Structure formats: structure tokens, C-alpha cells
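Welcome to a short tour of a protein model.

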Amino acid sequence: MEIAFFDTSALVKRYHIERESSIVNELMETYIVAISELAIIEMTSALMRRHLSGELKKSTLEWALERFYSDLENYVVIPISSETISLATSLVIKHGLKTLDSLQLASAFRIKDEAKVFVTFDEKLKNAAEKEGFMVLP
């Protein structure tokens with residue numbers, strides 16, 4: 001099975017039902033899931049924000065976080081290294097990306113030989129990933 005890199009905008013749709021959740025679920029059945037280590041804190045933050053805004057009940061938040069943390073053992077988690085930070089810095093300059101988006105794309109670069117697919121719902125990140133030679137889904 002081929003590896004695909006999922007950024008947090010895609011990953012969150014697995015644990016919080018949104019319009020595109022079925023697309024993400026389908027892609028996760030098709031590919032081995034790779035994520036940046038950064039996604040662990042971003043996912044926790046995204047779900048917590050949804051809870052604090054009243055969008056997620058506490059029990060749903062707890063279920064989503066528990067499921068996500070459990071699923072981590074099945075994901076390829078790419079650590080943030082000094083190499084990742086250096087590459088992310090160059091991506092900020094090249095594409096005008098935000099800090100966390102540049103770290104996501106730099107993390108994907110670390111496994112680009114094995115993962116040519118980049119899954120995101122962030123338009124600016126999508127454009128940058130395409131310019132860097134990734135096939136971007138959906």
C-alpha cells in the first residue's frame with residue numbers, strides 16, 4: 001500500500017464529522033497514513049477549540065482524542081528535526097506559508113520518496129505542495 005501524507009486540516013475530519021469526512025475516511029482506507037509530529041498538538045488544539053466553542057460535547061471530545069491517540073500507533077509519524085525546521089524556513093520564503101503549514105510541508109518532504117501524495121484542505125498549502133511536486137488530494 002502506498003503512503004500518503006495527511007496534514008491536520010485533513011486529519012481532523014477523521015475525528016470530527018465534517019462535510020469532507022467521508023473523503024478522508026476513504027483515503028485513509030486506501031493509503032498508509034503519514035503525519036507530522038506537529039499534527040499531534042495541532043489535532044489536540046483543533047478538537048479542544050471545537051469543544052470550547054460548543055461545537056463538540058465533552059464526551060465527544062474525549063472520544064475523539066482517545067481514538068486519535070490510539071490511532072497514532074498505526075500512523076507513520078515524522079519527527080520535527082533541525083532539518084525539518086531548516087526546510088520549513090526555506091518554504092516560508094519560497095511560498096509565503098505560515099509557520100505551521102511550512103512545517104507540515106517540510107515534514108512531508110522528509111518522506112517524499114515514499115509518499116508522493118499530500119492530503120490537505122488548506123488552499124495555500126495545497127498550491128505550495130503542488131508546486132513542490134506532490135500529487136494533492138482531494
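Two packed helices are described by the angle between their axes and the distance between the axes. Axes here are lines fitted to C-alpha atoms, for helices over the stretch in contact, and the angles run from 0 to 180 degrees between N-to-C directions.

Keep in mind that this is a predicted model. In it, α1 packs against α3 at about 55°, and their axes are 10 Å apart. That angle makes α1 oblique to α3, and the crossing of the two helices is right-handed. Here are the residues that make the contact:

| Helix | Residues in the contact |
|---|---|
| α1 | Thr8, Leu11, Val12, Tyr15 |
| α3 | Ala39, Glu42, Met43, Ala46, Leu47, Arg50 |

By class, the residues of this contact are seven nonpolar, one polar and two charged.

The largest nonpolar core has 26 residues, and Phe6, Leu11, Tyr15, Ile35, Leu47, Tyr75 and Val119 touch the most other members. Among the elements giving two or more residues to this core are β1 (3-6), α1 (8-15), α3 (38-52) and β4 (117-119). Apart from it lies another core, of 20 residues, including Leu97 and Ile111.

Phe6 deserves a look: not counting residues up to four places away in sequence, Phe6 touches Val24, Leu27, Met28, Val33, Ala34, Ile35, Gln104 and Val119.

Finally, visit Glu55, in the loop between α3 and α4. Glu55 counts as partly exposed because its relative accessibility is 48%. Leaving aside neighbours within four places in sequence, Glu55 is in contact with His16 and Arg50.

Note on methods: Residues numbered from 1 in each chain as written. Predicted model: local features only at pLDDT ≥ 70, side-chain atom pairs only at ≥ 80, totals over all residues. Heavy atoms only, no water. Core = buried A, V, L, I, M, F, W, Y, C linked by side-chain atoms within 4.5 Å. Buried < 20%, exposed > 50% of the residue type's maximum accessible area, 1.4 Å probe, protein only. Helix = DSSP H or I, 4+ residues; strand = E, 2+ residues; numbered from the N terminus. Contact = heavy atoms within 4.5 Å. Parallel < 35°, antiparallel > 145°, perpendicular 65-115°, else oblique. Left-handed = near helix turned anticlockwise from the far one by under 90°. Nonpolar A, V, L, I, M, F, W, Y, C, P; charged D, E, K, R; others polar.
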